[in-house]
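Please read the following report alongside the sequence and the model. It moves from the overall fold to selected residues and pairs.

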Amino acid sequence: MAADGSPDVVSSSSGKAKLSPAKKKGINRLLPLMQKQKEEFAKRLWISVWHGEVRVRDKPEEGARKVGTLLNGEMVCKQSQQGLWVQHARGWSVIRADRDMLLVPYSTALEEAGTEIKR
């Protein structure tokens with residue numbers, strides 16, 4: 001129910017449910033914020049592009065304990081970054097080993113593949 005006491009959903013003459021004007025107005029105010037959040041999330045999404053396994057470690061150090069792996073094509077959401085290390089929900093993974101890229105931002109992978117993120 002809307003703040004003014006009117007129902008959120010009203011039925012139309014065709015029998016299909018439709019949003020009340022108050023609900024539509026509220027949703028339209030949220031759309032720009034939702035778009036911004038979608039774009040921010042897309043910036044944090046990284047993908048494993050290495051043909052083998054990318055190690056996940058408990059600290060951003062080469063000798064740190066291995067706690068898992070990422071397979072080619074797996075995506076993670078970057079929480080933070082220290083130099084060449086990206087922290088995600090499963091731990092820390094290095095972005096590059098020598099000249100080989102292991103992880104890249106998802107948007108970069110799409111651009112190199114000739115596709116853009118649909119916004």
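Predicted model: local features only at pLDDT ≥ 70, side-chain atom pairs only at ≥ 80, totals over all residues.

Residues are numbered from 1 along each chain as its sequence is written, and side-chain values use heavy atoms, with hydrogens and water left out.

The secondary structure comprises 2 helices and 12 strands, where helices (H or I, at least four residues) and strands (E, at least two) are DSSP runs numbered from the N terminus. Along the sequence the elements follow the order β-β-α-β-β-β-β-β-β-β-β-β-β-α. Of the 119 residues, 24% count as buried; buried means under 20% relative accessible area, exposed over 50%, and partly exposed in between, with a 1.4 Å probe and protein chains only. Among contacts (heavy atoms within 4.5 Å) with a separation of 6 or more, 41% join residues 24 or more positions apart.

Val86 touches Trp46, Lys78, Ser80, Gln81, Gly91, Trp92, Ser93 and Ile95, when residues up to four places away in sequence are not counted.

Ser48 lies in strand β3 (residues 45-48) and, with 1% relative accessibility, counts as buried. Its contacts beyond four places in sequence include Val54, Leu70, Leu102 and Leu103, and the side chain of Ser48 reaches the backbone oxygen of Leu71 at 3.4 Å. In the loop between β3 and β4, Glu53 has its C-alpha atom 5.9 Å from that of Thr69, 16 residues away along the chain.

On the surface, Leu19, Ile27, Leu30, Leu31, Leu33 and Met34 form a nonpolar patch with about 500 Å² of accessible area together. Patches are made of residues with over 30% relative accessible area and no salt bridge, with like charges joined within 9 Å and nonpolar side chains (Val, Leu, Ile, Met, Phe, Trp, Tyr) within 5 Å; accessible areas come from the Shrake-Rupley method with a 1.4 Å probe, and for residues only the protein chains shown count as cover. Helix α1 (residues 21-44) contributes the largest share of the patch, 5 residues.

Asp98, in the loop between β10 (96-97) and β11 (100-101), has a positive phi near 55 degrees. Most residues other than glycine have a negative phi.

The structure holds 3 salt bridges, each defined by a side-chain nitrogen of Lys or Arg within 4 Å of a carboxyl oxygen of Asp or Glu.

| Salt bridge | N to O distance |
|---|---|
| Glu62 and Arg57 | 3.7 Å |
| Arg65 and Asp58 | 3.6 Å |
| Arg90 and Glu74 | 2.8 Å |

Arg90, in the loop between β8 and β9, and Glu74, in the loop between β5 (66-70) and β6 (75-77), link distant parts of the chain, 16 residues apart.

Key
Polar contact = N/O pair within 3.5 Å; in protein donor to acceptor, adjacent residues only side chain to side chain.
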